[in-house]
Amino acid sequence: MRLRHALHGIPGIVVVNVRNSTSWQDQSNHALAKWLQDWPQAHLADWYGSSTSKMLQDGTHPWPYGCTIYARLIADTLRAT
């Protein structure tokens, strides 16, 4: 809640969910989706939905071509706000 309060009044907030090989991936993505409910200034850049595990070099960090997709996802989400 403190972060939402600190960002009050700022338009076009982008929050990126995760794809990784950890046990907390799904829990984290669910918590982010719930946190974004009823927050019209914030938008989800769905990295989980836009990526595959094959795009990750170590289970967390993307290969260079994945970085391009990651950056494009954030830019597209910003443009859509």
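Me: Where is Asp38 placed in this predicted model?
Reply: Asp38 sits in the loop between helix H2 (25–36) and strand S2 (42–45). Its phi is near 60°, a positive value in a residue other than glycine.

Me: Why is Asp38 called exposed?
Reply: The relative accessible area of Asp38 is 74%. Exposed means over 50%, so Asp38 is exposed.

Me: How many aromatic pairs does the structure hold?
Reply: Two. One is Trp35 with Trp39, at 5.0 Å centre to centre and 75° between the planes.

Me: What makes Trp35 and Trp39 an edge-to-face pair?
Reply: Pairing needs centres within 6.5 Å, and edge-to-face needs planes over 60 degrees apart. The centres of Trp35 and Trp39 are 5.0 Å apart and the planes are at 75°, so both conditions hold.

Me: Why is the pair of Trp47 and Tyr70 called edge-to-face?
Reply: Their ring centres are 5.0 Å apart and their planes stand at 80°. The angle is over 60, so the pair is edge-to-face.

Me: Which parts does the pair of Trp47 and Tyr70 tie together?
Reply: Trp47 lies in helix H3 (residues 47–50) and Tyr70 in helix H4 (residues 64–80). The pair therefore ties together parts 23 residues apart in sequence.

Me: How do you know whether Trp47 is buried or exposed?
Reply: Its relative accessible area is 3%. That is under 20%, so Trp47 is buried.

Terms used
Residues are numbered from 1 along each chain as its sequence is written. This is a predicted model: local features need pLDDT of at least 70, side-chain atom pairs count only at pLDDT 80 or more; totals for chains, interfaces and linings use all residues. Side-chain values use heavy atoms; hydrogens and water are left out. Helices (H or I, at least four residues) and strands (E, at least two) are DSSP runs, numbered from the N terminus. Buried means under 20% relative accessible area, exposed over 50%, partly exposed in between (1.4 Å probe, protein chains only). Rings of Phe, Tyr and Trp (its six-membered ring) pair if their centres lie within 6.5 Å; planes under 30 degrees apart count as stacked, over 60 as edge-to-face and the rest as tilted.
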